[in-house]
Amino acid sequence: MRLINGSVLALLLGATAPLGAALAQDSAAAIPDPPPVVSVTNGVEAASPRDSSARTFPSPACPLTSNQLTAVRAGVGGAFVGGNAYLYHYFKKAWWSGERAPHFFFHADWDQEFRDQDKFGHMLGGYHLARIGYAGLREACVSDKKAIAWSAAYAALFQLQIEVFDGRFLKYGFSYADMISNTAGQALAVMQELNPTLRAIKPTFSYHRSPALTNRTNFTGGNNSDLRPSLDYSGQTYWFSTDMDALLPADAKPFWPSFIRLSVGHSITDWVNPETGETQRAKRKIILSLDFDPDKLPGNAPLWRSIKRTLSYYRFPAPALELTPRLHLNPWYK
């Protein structure tokens, strides 16, 4: 699940973008600005009646002055360039250092030993790349429609390049199954912007070290000795967490605590034998859980709002009902 690292970085970038804009606005009283009329042609929504290419700042569509807008755009652009450079360096070192294929090839990797757990990771990566891309562009006062289109294109191209590189290495190959998962995550982020009601359903993630990862130094014969958290599929769980308070009718809301989410998760049993390190076919785990929504914590300061929103994409330990491969109640599912 290579893209979980991209998801984590995207969450960190997303947490800082709104804060940067807020700090820029707060500094307006301390830094005088020249007359706030500048010419911009890249999609800011407010327009001059005399010239459709002219924009006035601040405006209802963009509350930043020209100096603040320049600073925010520079910060957002720098964050994306730096983040992408880091991710490329990580992928090149961790994934594209093996034996090259004699030619570019395709690989349909459905239902392998880890039972498509990696596909949920690809979906989560696509979702956060598109979602954070949109948030960054909106903080930079790019119009809603253009922010949606550009963020989706950015996410699609970023994940496409990974598959193109994969297609040159014997261990991977270009996976159209991964591309389908990537696109599903990107599409969910776009649909949530087009239809805000869908934001009540949030992809979340939880992780704990599996026994195999804990014992990897004792594996014999080099079996899966390179196991690491991004490959530790048995320790990963992918959830769809539902804000029930947002979906329930008004007369039912008093009966459901607003800070409790209903979550459905997917994980797997051990796909790496904890004793020998040998690969084995895992079984799917389908899980139901009630968990805490950090987004509902009190407080509205810009930094605190960003922290709450970022934490809300992680599913914290809570009781869970495991439906498969056997029905049982886990009192503290991590």
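Reader: Which residues form one aromatic cluster with Phe91?
Author: Tyr88, Tyr90, Trp96 and Phe165 are in that cluster with Phe91. Bear in mind that this is a predicted model.

Reader: How are the rings of Phe91 and Trp96 placed, and what kind of pair is that?
Author: Their centres are 5.8 Å apart and the planes meet at 45 degrees, so the pair is tilted. The cut-offs put stacked under 30 degrees and edge-to-face over 60, and the rest count as tilted.

Reader: Are Phe91 and Trp96 buried or exposed?
Author: Both are buried.

Reader: How many aromatic pairs does the structure hold?
Author: There are 20 aromatic pairs. One of them is Phe104 with Phe174, where the ring centres are 5.9 Å apart and the planes are at 50 degrees, so that pair is tilted.

Reader: Where do Phe104 and Phe174 lie?
Author: Phe104 is in the loop between H2 and H3, and Phe174 is in the loop between H4 and H5. The pair therefore ties together parts that are 70 residues apart in sequence.

Reader: Changing topic. Which residues touch the most other members in the largest nonpolar core?
Author: Phe91, Trp95, Leu227 and Trp271 do, in a core of 27 residues. Helices H2 (66-94), H3 (117-139), H4 (144-166), H5 (176-194) and H6 (211-214) are the elements that give two or more residues to this core.

Reader: What lies apart from it?
Author: Another core of nine residues, including Phe57, Leu64, Leu69 and Cys141. In soluble globular proteins, nonpolar side chains tend to be buried together.

Reader: How much of the protein chain counts as buried?
Author: 46% of its 334 residues. The accessible surface comes to about 16,500 Å², and carbon and sulfur atoms account for 64% of that.

Reader: OK, strands. What is the order in the open sheet?
Author: The order is E3-E4-E5-E6-E7-E8, six strands with antiparallel pairing. For the whole protein chain, the count is eight helices and eight strands.

Reader: Which strands stand at the edges?
Author: Strand E3 (201-207) and strand E8 (328-333). Each has a single partner strand, so one side of each is left without a neighbour in the sheet. From one strand to the next, the twist averages 25 degrees.

Reader: How many bridges join E4 and E5?
Author: Five, linking residues 236-242 of E4 to residues 260-268 of E5 in the antiparallel sense. Ser241 has Ser263 in E5 as its bridge partner.

Reader: What about E6 and E7, how many bridges there?
Author: Three, again antiparallel, between E6 (residues 284-292) and E7 (residues 318-322). Ser289 stands opposite Ala320 in E7.

Reader: And what do E7 and E8 form?
Author: A hairpin, with five residues between the two strands. E7 and E8 pair over four bridges in the antiparallel sense, and Leu321 has Leu329 in E8 as its bridge partner.

Reader: Which strands does H3 lie across?
Author: E3, E4 and E5, and H3 runs at about 50 degrees to E4.

Reader: Last one. What share of contacts joins residues at least 24 apart?
Author: 70%, taken among contacts between residues at least 6 apart in sequence.

Key:
Residues are numbered from 1 along each chain as its sequence is written. This is a predicted model: local features need pLDDT of at least 70, side-chain atom pairs count only at pLDDT 80 or more; totals for chains, interfaces and linings use all residues. Side-chain values use heavy atoms; hydrogens and water are left out. Buried means under 20% relative accessible area, exposed over 50%, partly exposed in between (1.4 Å probe, protein chains only). Contact means heavy atoms within 4.5 Å. Accessible areas come from the Shrake-Rupley method with a 1.4 Å probe; for residues, only the protein chains shown count as cover. A nonpolar core is a set of buried Ala, Val, Leu, Ile, Met, Phe, Trp, Tyr and Cys residues joined through side-chain atoms within 4.5 Å. Two strands pair if DSSP finds at least two bridges between them. Axes are lines fitted to C-alpha atoms, for helices over the stretch in contact, and angles run from 0 to 180 degrees between N-to-C directions. Rings of Phe, Tyr and Trp (its six-membered ring) pair if their centres lie within 6.5 Å; planes under 30 degrees apart count as stacked, over 60 as edge-to-face and the rest as tilted.
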